[in-house]
Amino acid sequence: MNESPIGSSLFTAAQCKVIDRLAIESMPIPGYQLMCRAARSAQHWITRLYPKASSFTVVCGAGNNGGDGLALAKLLYETGHAVTITLASTDFEVQLTGEALEAWNDLPDDLPKHPFDSALTDESDLIVDALLGIGLNGEVRSDSAAVIHWINRQQRPVFSLDIPSGLSADTGSVLGSAVKADATLTFIAPKQGMFINQARDYVGRVMVDSLGVPAELFPESQSQLISEPLSQMAPLNRAAHKGSQGSLVVIGGDFGFGGAQMLSSEAALRTGAGRVTLLTNSESAVTAMLSRTPEVMVRLASDIAAFESMIQSMDAIAIGPGLGQSDWALSCLERVNSLDKPTVVDADALNLIAQNKVGFHPHAVFTPHPGEAARLLGCSIAEVQSDPVGSAFALQSQLGGVIVLKGAGSIVCNGHKAFICNLGNPGMATAGMGDLLSGIIATFLAQGYSLLDSAQIGVWLHAKAGDMASAEGERGLIATDLLPHIRSLLG
């Protein structure tokens, strides 16, 4: 099968439709022939993934996605399998147009097909979801939602064509209801929404087939997956010393705030920082840090101005974890902003910025979770999560620098492109994970990597370590479980 010729690039639904049209116009290739290519690809993957399956229910809508399903049903039937086509509506044939109508007219007369009946129980080995495609706008209509709910109730493996029905191809949001697929074969190009937001729970294993569409027909994409970035890292110099491995300062740990700044500091050391200094306003934080990780230098910094020359001598700064929102915290943020050094800005530092208490220079990586992003943008968390890529671009336009919008499919955005991480797992949704990430990214800044490279490497390394740590189970995973895996990944 044809892998996508554009590598890790991701595309919107509108872009995919343009590519599809250009392929038909310029190759030239009839639309129905392209549909048949999609069906052959689906047959290949079904045979590969479900070699013992001999009976199939193909659920078809009346659009082109349903046409792909009809063409696939014909292929499966003609190769001796038991196939039933479930039609999404009673007036299905009347609704068909274009290539989908051509696929309908090409079906063998004796291939079983019947209107959807929610009372039926499916007994096939595999359900093929060809109900709704990437053109879905707005909430799924009630009739389609009933079909989706039926598919999800059947306790059968589900193979989705192009995208699980009901899932937004652009935002990864569930548009009211969506099919939970075990595998999804997407055509022409991978869709941006399949790797972010709620999509992670719906797409299953993802395969891509370009259907032979040449690379020159693909436009520039606004997003792409973060490919394994560790190859970008220079090997350690045998003559390295702590002064050459990057120095950074973590600022946080006001009264009443516990371990966040300690997690950031330890993560920085485990990522390879040569020197890490913690500046804190809490005597208990000094004692705790030295007891836990004596390799971190800790200073009690009740007056942050007294440490300005020391901060200025550092290669990078991480501020926010355990910072709080007191007058001390605000003075720290104002001082760091005035120094204009490469900085990771997280947690309460972001909340202070959102309250318009201080602006911040653009030589920074800002790492909000959806709640912090909503406060910065002046909108609801639901609005952020309904369009994570758009929210990342909006944050970058507002703050400058590089944004890391954390979540299921964390997004790194420099204002020109969004880079999406398709690693990580729900076990990482625990306290302290973001604090680790701040220390990791700050280490790469301290070692001279650019804002964008530091953010991409840090996000990928953090998520990959989380996946390695989850091998013993996702439930109960805590932030410090990632530390040995971070070290092993870096070699």
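Reader: Is isoleucine 188 buried or exposed, and at what relative accessibility?
Author: This is a predicted model. Isoleucine 188 sits in the loop between β7 and β8 (205-209). Buried means under 20% relative accessible area. Isoleucine 188 counts as buried because its relative accessibility is 6%.

Reader: What is phi of isoleucine 188?
Author: Most residues other than glycine have a negative phi. Isoleucine 188 is a residue other than glycine, yet its phi is positive. The value is near 70 degrees.

Reader: Where is aspartate 162 found, and what is its phi?
Author: Aspartate 162 is found in the loop between β6 (158-161) and β7 (183-187). At 11% relative accessibility, aspartate 162 counts as buried. It is not a glycine, but its phi is positive, at about 75 degrees.

Reader: Which residues does the cis peptide bond at proline 28 join, and what is omega?
Author: Most peptide bonds are trans. Proline 28 lies in the loop between α1 (13-26) and α2 (31-49). The cis bond joins methionine 27 and proline 28, with omega about -25 degrees.

Reader: Which backbone oxygen does the side chain of serine 265 reach?
Author: Serine 265 has its place in helix α7 (residues 260-271). At 0% relative accessibility, serine 265 counts as buried. Beyond four places away in sequence, serine 265 touches Val250, Val276, Leu278, Met289 and Val296. Its side chain reaches, at 2.8 Å, the backbone oxygen of glutamine 261.

Reader: Why is helix α11 (residues 347-354) largely enclosed by the rest of the structure?
Author: The buried residues of α11 include Asp348 and Asn351, along with Leu350 and Ile353. They pack against elements including β13 (316-319), α10 (327-339) and α14 (388-399). Helix α11 is largely enclosed because the buried residues number seven of its eight.

Reader: What is the radius of gyration of the chain?
Author: The chain has 17 helices and 18 strands. The globule rule gives 23 Å for 491 residues, and the chain comes close to that, so it is as compact as a globular protein of that length. Its radius of gyration is 26 Å.

Reader: What share of the residues in the chain is buried?
Author: Consider contacts between residues at least 6 apart in sequence: 71% join residues at least 24 apart. The accessible surface is about 19,700 Å², with 49% belonging to carbon and sulfur atoms. Of the 491 residues, the buried share is 57%.

Reader: How far apart are the centres of the positive and negative side chains?
Author: The chain has 30 positive and 48 negative side chains. The C-alpha trace spans about 85 × 45 × 40 Å along its principal axes. The centres of the two charge sets lie apart by 7 Å.

Note on methods
Residues numbered from 1 in each chain as written. Predicted model: local features only at pLDDT ≥ 70, side-chain atom pairs only at ≥ 80, totals over all residues. Heavy atoms only, no water. Helix = DSSP H or I, 4+ residues; strand = E, 2+ residues; numbered from the N terminus. Buried < 20%, exposed > 50% of the residue type's maximum accessible area, 1.4 Å probe, protein only. Polar contact = N/O pair within 3.5 Å; in protein donor to acceptor, adjacent residues only side chain to side chain. Contact = heavy atoms within 4.5 Å. Rg over C-alpha atoms; globule rule 2.2 N^0.38 Å. Areas by Shrake-Rupley, 256 points an atom, 1.4 Å probe, with all protein chains shown as cover. Lys, Arg positive; Asp, Glu negative; His and termini not counted. Charge placed at Lys NZ, Arg CZ, Asp CG, Glu CD.
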